[in-house]
Amino acid sequence: TRLVVATRNKGKLREIAAILSGLPFMLLSLDDFPDFPEVEEDGATFEENALKKASMAAMVTGLPALADDSGLVVDALGGKPGVYSARYSGESASDEANNTKLLSELATVPYAERTAAFRCTIALCIPGGERYTFSGELRGVILDSPRGTGGFGYDPLFFVSENGATMAELSLEVKNAVSHRGKALALLKGHLGRQAGE
Ligand code: ITT
């Protein structure tokens with residue numbers, strides 16, 4: 001069976017592909033559909049945006065599709081950047097510019113109050129049929145300078161005390177074992193496994 005992973009984010013795609021590699025699916029990405037339209041991510045929640053991206057992909061391709069909507073929720077910033085994580089520093093934001101903006105917003109916030117969570121919702125949509133969502137969360141602390149070169153996005157600033165490391169200092173395997181995305185994808189895998197057993 002072919003399954004479309006509807007993301008333009010290479011970091012996400014790498015992590016999703018690693019987790020789903022054991023399953024009997026041939027994964028396609030949006031690179032296989034060059035005419036795929038831009039989906040406006042105007043939902044108020046990760047769930048809404050993930051469903052919007054996955055349902056559009058299922059409709060356009062006629063194949064089962066999954067999408068990931070995720071972001072960083074910082075307690076001292078009232079939950080920001082949240083669903084705006086990818087565009088925190090502006091429309092053509094880079095990971096580096098977003099991290100700089102985050103550090104400046106938190107410049108006067110003491111370490112004890114720099115708690116945050118990564119959240120991820122994976123949506124699965126079957127063309128003309130069912131829609132499912134699976135969500136995961138990982139709590140951590142925002143450091144005052146970046147550490148590590150792995151992962152993507154806010155990973156170099158996100159310190160996970162259980163691992164004694166930032167997300168960018170973890171291997172892809174360890175990141176997937178503990179991350180918000182890994183947890184959401186584990187729920188998706190459970191769902192797909194139950195369906196295959198039916
Ligand atoms: P697609 O919509 O094409 O999937 P996107 O990057 O625009 O790609 P989102 O709107 O879901 O995706 O934004 C997610 C942002 O949240 C992402 O760009 C990062 O800045 C951040 N983020 C999500 N998961 C992350 C992770 O595992 N590590 C670091 N940052 C993450």
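1. Two strands pair if DSSP finds at least two bridges between them. Helices (H or I, at least four residues) and strands (E, at least two) are DSSP runs, numbered from the N terminus. On these terms strand 4 and strand 5 form a hairpin with five residues between them, and Gly 128 in the turn has a positive phi of about 65°. Most residues other than glycine have a negative phi, and most peptide bonds are trans.

2. The model is predicted: local features need pLDDT of at least 70, side-chain atom pairs count only at pLDDT 80 or more, and totals for chains, interfaces and linings use all residues. Residues are numbered from 1 along each chain as its sequence is written.

3. Overall make-up. The chain has five helices and seven strands. Read from the N terminus, the elements follow the order β-α-β-α-β-α-β-β-β-β-α-α. The radius of gyration, taken over C-alpha atoms, is 17 Å, close to the 16 Å that the globule rule (2.2 Å times the number of residues to the power 0.38) gives for 198 residues, so the chain is as compact as a globular protein of that length. The C-alpha trace spans about 50 × 35 × 25 Å along its principal axes.

4. Burial and contacts. A residue is buried if 20 or more other C-beta atoms lie within 10 Å of its own, exposed if 12 or fewer, and partly exposed in between, with C-beta atoms placed from the backbone. Of the 198 residues, 38% count as buried. Two residues are in contact if their C-beta atoms, placed from the backbone, lie within 7 Å. Among contacts with a separation of 6 or more, 57% come from residues 24 or more positions apart.

5. Seven strands make an open sheet in the order 2-1-3-4-5-6-7, and the pairing is mixed. Strand 2 and strand 7 (165-166) are at the edges with a single partner strand each, so one side of each has no neighbour in the sheet.

6. Strand 1 (residues 2-5) pairs with strand 2 (residues 26-29) in the parallel sense over four bridges. Leu 3 is opposite Leu 27 of strand 2. Together with helix 1 (residues 10-20), strands 1 and 2 make a right-handed β-α-β unit; right-handed means that, with the strands pointing away from the viewer, the path from the first strand over the helix to the second runs clockwise.

7. Strand 4 and its partners. Nine of the 11 residues of strand 4 (residues 115-125) are buried, so this strand is largely enclosed by the rest of the structure. Strand 4 runs antiparallel to strand 3, joined by 10 bridges, with Leu 66 opposite Leu 124. Strand 4 is also antiparallel to strand 5, through 11 bridges; here Arg 119 stands opposite Glu 137.

8. Thr 121. This residue belongs to strand 4 and is buried, with 24 other C-beta atoms within 10 Å. Leaving out residues up to four places away in sequence, Thr 121 touches Phe 46, Glu 47, Ala 50, Asp 69, Thr 133, Ser 135 and Ala 184. Its C-alpha atom is 5.9 Å from that of Phe 46, 75 residues apart along the chain.

9. Strands 5 and 6. Strand 5 (residues 131-142) pairs with strand 6 (residues 158-160) in the antiparallel sense over two bridges. Val 141 has Phe 159 as its bridge partner in strand 6. Pro 146 lies in the loop between these two strands and is partly exposed, with 17 C-beta neighbours inside 10 Å. Beyond four places in sequence, Pro 146 touches Asn 99, Pro 156 and Leu 157.

10. Other loops. Gly 62 sits between helix 2 (46-61) and strand 3 and is exposed, with 12 other C-beta atoms within 10 Å. The C-alpha atoms of Gly 62 and Pro 127 are 5.7 Å apart, at 65 residues along the chain. Pro 81 is in the loop between strand 3 and helix 3 (95-105). The peptide bond joining Lys 80 and Pro 81 is cis, with omega about -5°.
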